Amino acid sequence: MSAEQPRTIGFICPKCRQSVIVERSFFSLTAAPTRIVCPCGGSYFQTEYQGDRFVVEAPCVSCGGRHIAHCPSDAFLHQKALSFTCGKTGLDCCCVGEREDVYRAMRRLEQAVDQMDADKDPEQEGTFLNGLVMEEMLGEIRDIAARGGVRCTCGSKQWTLQVRYSSIQLDCARCGGMLRLSAATMDDLNDLCCKDELVIRGAADGTR
Ligand SMILES: [Zn+2]
Ligand SMILES: [Zn+2]
Ligand SMILES: [Zn+2]
């Protein structure tokens with residue numbers, strides 16, 4: 001057995017807006033509470049191992065607050081990439097996982113934050129983080145839907161759509177399962193464009 005890969009943790013500091021990405025070993029994550037402080041000293045990420053779960057507390061670059069999440073230990077230590085999402089803006093506030101996946105997620109988040117900063121026009125308030133991406137993605141979803149390509153793992157093809165600031169959510173009308181698509185960057189759009197179908201994970205579908 002090879003040694004366990006260290007886990008990579010990333011977040012963007014709301015104060016200085018730099019990405020902070022570090023690695024921690026399984027041992028150090030489970031041995032004691034972990035605190036990762038931005039070099040500017042203006043924010044920190046914290047996590048504490050509690051046996052079956054990790055309690056994660058992260059600064060949030062998109063709303064400026066801090067968010068607390070509970071995450072099953074197995075996912076925290078083994079999942080390729082886990083993102084914790086801000087309930088207010090729908091953007092991710094931190095990411096934990098394998099190095100490459102976390103770097104990729106952080107690059108995407110940086111783009112979204114750049115876009116957010118570029119859009120600081122007060123007239124834009126309350127619309128979308130990236131209006132162009134949102135518009136294209138809604139069109140793409142309409143096309144996929146027109147081909148009958150949207151379904152839920154529960155078997156239903158009835159669904160509703162909610163449009164948020166930086167994401168689109170599809171809800172299964174039968175079981176309440178949901179699929180959230182990030183709609184902030186060109187990468188999000190490109191991801192959607194190569195899909196033939198969108199599958200909502202049914203509420204009874206255990207994983208996650
Ligand atoms: Zn900072
Ligand atoms: Zn937030
Ligand atoms: Zn369903």
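The site of the zinc ion (ligand 3) in this predicted model is tetrahedral, with angles of 104 to 116° among its four donor atoms; four donors count as tetrahedral if all angles lie between 85 and 135 degrees. The protein donors are Cys152 (SG), Cys154 (SG), Cys172 (SG) and Cys175 (SG), lying 2.2 to 2.3 Å from the ion, where donors are N, O and S atoms within 2.8 Å of the metal (3.2 Å for Na, K and Ca), and water is not among the atoms, so sites may look incomplete. Along the chain these donors follow the spacing C-x1-C-x17-C-x2-C.

| Residue | Relative accessibility | Class |
|---|---|---|
| Cys152 | 2% | buried |
| Cys154 | 29% | partly exposed |

Elsewhere, an open sheet of four strands has the order S3-S4-S5-S6 with antiparallel pairing; strands are DSSP runs (E, at least two residues) numbered from the N terminus, and two of them pair if DSSP finds at least two bridges between them. Because strand S3 (34-37) and strand S6 (66-72) stand at the edges with a single partner strand each, one side of each is left without a neighbour in the sheet. Strand S4 (residues 44-49) and strand S5 (residues 53-59) run antiparallel and are joined by four bridges, and Glu48 stands opposite Val55 in S5.

Residues are numbered from 1 along each chain as its sequence is written, while chains are lettered from A and ligands numbered from 1 in the order in which they are written. Local features need pLDDT of at least 70 and side-chain atom pairs count only at pLDDT 80 or more, whereas totals for chains, interfaces and linings use all residues, and side-chain values use heavy atoms, with hydrogens and water left out.

Methods:
Four donors count as tetrahedral if all angles lie between 85 and 135 degrees; four count as square planar and six as octahedral if opposite donors are over 155 degrees apart and all others between 65 and 115; anything else is irregular. Buried means under 20% relative accessible area, exposed over 50%, partly exposed in between (1.4 Å probe, protein chains only).
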